[in-house]
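Hi,

My notes on it follow below.

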Amino acid sequence: MWLRADNRAEPRQAAVIDVGSNSVRLVIYRLDGRAIWTVYNEKALAGLGRDLPATGRLSPEGVDTALVILRRFRALLDGWRAEDVMIVATAAVRDAADGPMFLRRVREETGLTVRLLSGEEEARYAALGVVAGQPDAAGVVGDLGGSSLELIRLNGAAPGDGVTLPLGPFALGAPRPLVIDRTRRVIESALAPHVQRFAAREFHAVGGAWRNLALLHMELAGYPLRVAHQYEMGRADAVDLARFVERQSKASLQRIEGLSKRRFETLPYAALVLEEVIGALKCERIVISAFGLREGLLLESMDSETRRRDPLIEGCEVLTAVRGLSTDLGGALEAWIAPTFEGLPPVFGDREPVLVAAACRLADLGARLHPDHRADIAFEQVLRAPIAGMGHPERAFLASCVFSRHSAASATPEEATIARILTPERRQRARALGAAIRLGCDLSGRNPRLLERSSLSIRGDRLLLTAARGWEDMLLGEQTAKRANTVAQALRLKLEMA
């Protein structure tokens, strides 16, 4: 069982400035234990690496743009502690002949000291970022930037050695129109020496260009949950999408809803790289990660105990935290409910205990909302919450649990969305789990200690709700019987109270 750690560090803010080949970005985060929340995000598309293939140097216009925005970022971070700010530069600055001169100018004109990452470091932080967003991720990570592609194999919390390849859109010829056959040969040649080392069934795609491809796929497929993180595509779908985008002109891309206007010149290149990577590495499943290098830096900055915690459970606990309400209720509900649900056939495999724990942490999410609307509002919050550590079916499952925690209605909001993402068995289990959480909250009056005086269990075809000797009165009342009967019906069992 996952419990809140008594020695959890106080929440803090951290900032990362990422000087990339295409953009210069500042992201300010709030770190609540293992939970990472974005609280501010600003970027400028400087295009530092735009001229690199032709001149070997940074774009002069890009340098000017970068220096201006870095001066602004420095002002925004005035008064911050140095240890709470991380500033890194990647491929374009690393490869440019005038990269060292640029870093000196940054230091002299803004006062910021930039850490220049090696290709291997860039790959490692991208992999750590994927782990920050999905601790059980397996396979290979590919981080596509403006000038380079980093590949690294995941190996638990300690990624292996990575490689950096000159396969970013700028390195391949952007912003010129894509010449598919010629560019394909360049990509194949660069990937060939590394195929055996990085071949994997699962590919984790990092980078804004590939996130845009995923959003386009959602649009074309009519997929209703527009959340890029942990969106999955099968091999055939991803290849078809890539081939479609490769052959689009800039004018054609401009007519497609949902695409970033600033990526029209580079998106066909990113699509071709994705197609070639999938083919060369024999990938069968492509998973989009909204976490990458910046979140990898944050994960590394956490102590070892914090890194071992589950980001989904931590995120749900933080999302629900309300001043004046018990922080122990989630753990107590888990201890009360989990033994019953452990005896049921799993609908999420070995992820079941994590999802039960997370759902219990969301029990008080609607505590300060109007009772007529809290079920719908809490459902919407969870379905699109910026919480890491869950795939789309798990996200829909938890949203459905939260709805049933506050409502006995069988149909959730966005019924078509939930029906598309969850199987009937998972929908029914979500209803049962939400109803059990509602029962636990109402039976105990949300008192964690009182839950210890009762138990919920399954015996044969019966759901048993019992109280400890001397505490039988807690089972009295019409509402208690009503809540317990809802759980029994959701589990297709007969209710017995004693």
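**Notes on the model**

Leu-76 sits in helix H2, residues 60–76; helices here are DSSP runs of H or I with at least four residues, strands are E runs of at least two, and both are numbered from the N terminus. Before going on, a word on ground rules: this is a predicted model, where local features need pLDDT of at least 70 and side-chain atom pairs count only at pLDDT 80 or more, while totals for chains, interfaces and linings use all residues. Residues are numbered from 1 along each chain as its sequence is written, and side-chain values use heavy atoms, with hydrogens and water left out.

**Surface patch**

Back to Leu-76: its relative accessibility is 34%, so Leu-76 counts as partly exposed (buried is under 20% relative accessible area, exposed is over 50%, partly exposed is in between, with a 1.4 Å probe and protein chains only). Together with Val-39 and Tyr-40, Leu-76 makes a nonpolar surface patch of about 230 Å². Patches take residues with over 30% relative accessible area and no salt bridge, joining like charges within 9 Å and nonpolar side chains (Val, Leu, Ile, Met, Phe, Trp, Tyr) within 5 Å. The areas are Shrake-Rupley values with a 1.4 Å probe, and for residues only the protein chains shown count as cover.

**A helix pair**

How do H18 and H19 run relative to each other? The axes of H18 (residues 374–383) and H19 (residues 392–406) cross at roughly 165° and come within 8 Å, the axes being lines fitted to C-alpha atoms over the stretch in contact, with angles from 0 to 180 degrees between N-to-C directions. The two helices are therefore roughly antiparallel (over 145 degrees; under 35 is roughly parallel, 65 to 115 roughly perpendicular, the rest oblique). The crossing of H18 past H19 is right-handed, that is, the near helix is turned clockwise from the far one by less than a right angle.

Most residues other than glycine have a negative phi, and most peptide bonds are trans. Here are some exceptions to check in your viewer.

- The Ala-174 to Pro-175 peptide bond is cis, with omega near 15°. Pro-175 is in the loop between helix H6 (169–172) and helix H7 (180–191).
- Glu-414 has a positive phi, near 50°. Glu-414 is in the loop between H19 and helix H20 (415–421), and is partly exposed at a relative accessible area of 28%.
- Arg-446 also has a positive phi, near 65°. The loop that holds Arg-446 runs between helix H21 (424–444) and helix H22 (448–451).

**Salt bridges**

How many salt bridges does the structure hold? There are 33, counted when a side-chain nitrogen of Lys or Arg is within 4 Å of a carboxyl oxygen of Asp or Glu. A few to look at:

- Asp-364 pairs with Arg-446, with the closest N and O atoms 2.5 Å apart. Asp-364 is in the loop between helix H17 (352–361) and H18 and Arg-446 in the one between H21 and H22, so this pair ties together parts that are 82 residues apart in sequence. Asp-364 is buried at 6% relative accessibility, whereas Arg-446 is partly exposed at 26%.
- Salt bridges with shared partners also link Arg-184, Arg-243, Glu-246, Arg-247, Glu-275 and Glu-276 into one network.
- Arg-105 bridges to Glu-109, with 2.9 Å between the closest N and O atoms. Both lie in helix H4 (residues 99–110), four residues apart, or about one turn of the helix. Arg-105 is partly exposed at 31% relative accessibility, and Glu-109 is partly exposed at 39%.
- Glu-83 and Arg-81 meet through their side chains at 3.4 Å, N to O. Glu-83 is exposed, with 54% relative accessible area, while Arg-81 is partly exposed at 48%.

**Some C-alpha distances**

Ile-180 belongs to helix H7 and is buried at 16% relative accessibility. Gly-49 lies in the loop between strand S3 (35–44) and helix H1 (52–55), and is buried with a relative accessible area of 0%. From Gly-49 to Asn-447, the C-alpha separation is 58 Å, and in sequence the two are 398 residues apart.

Cheers
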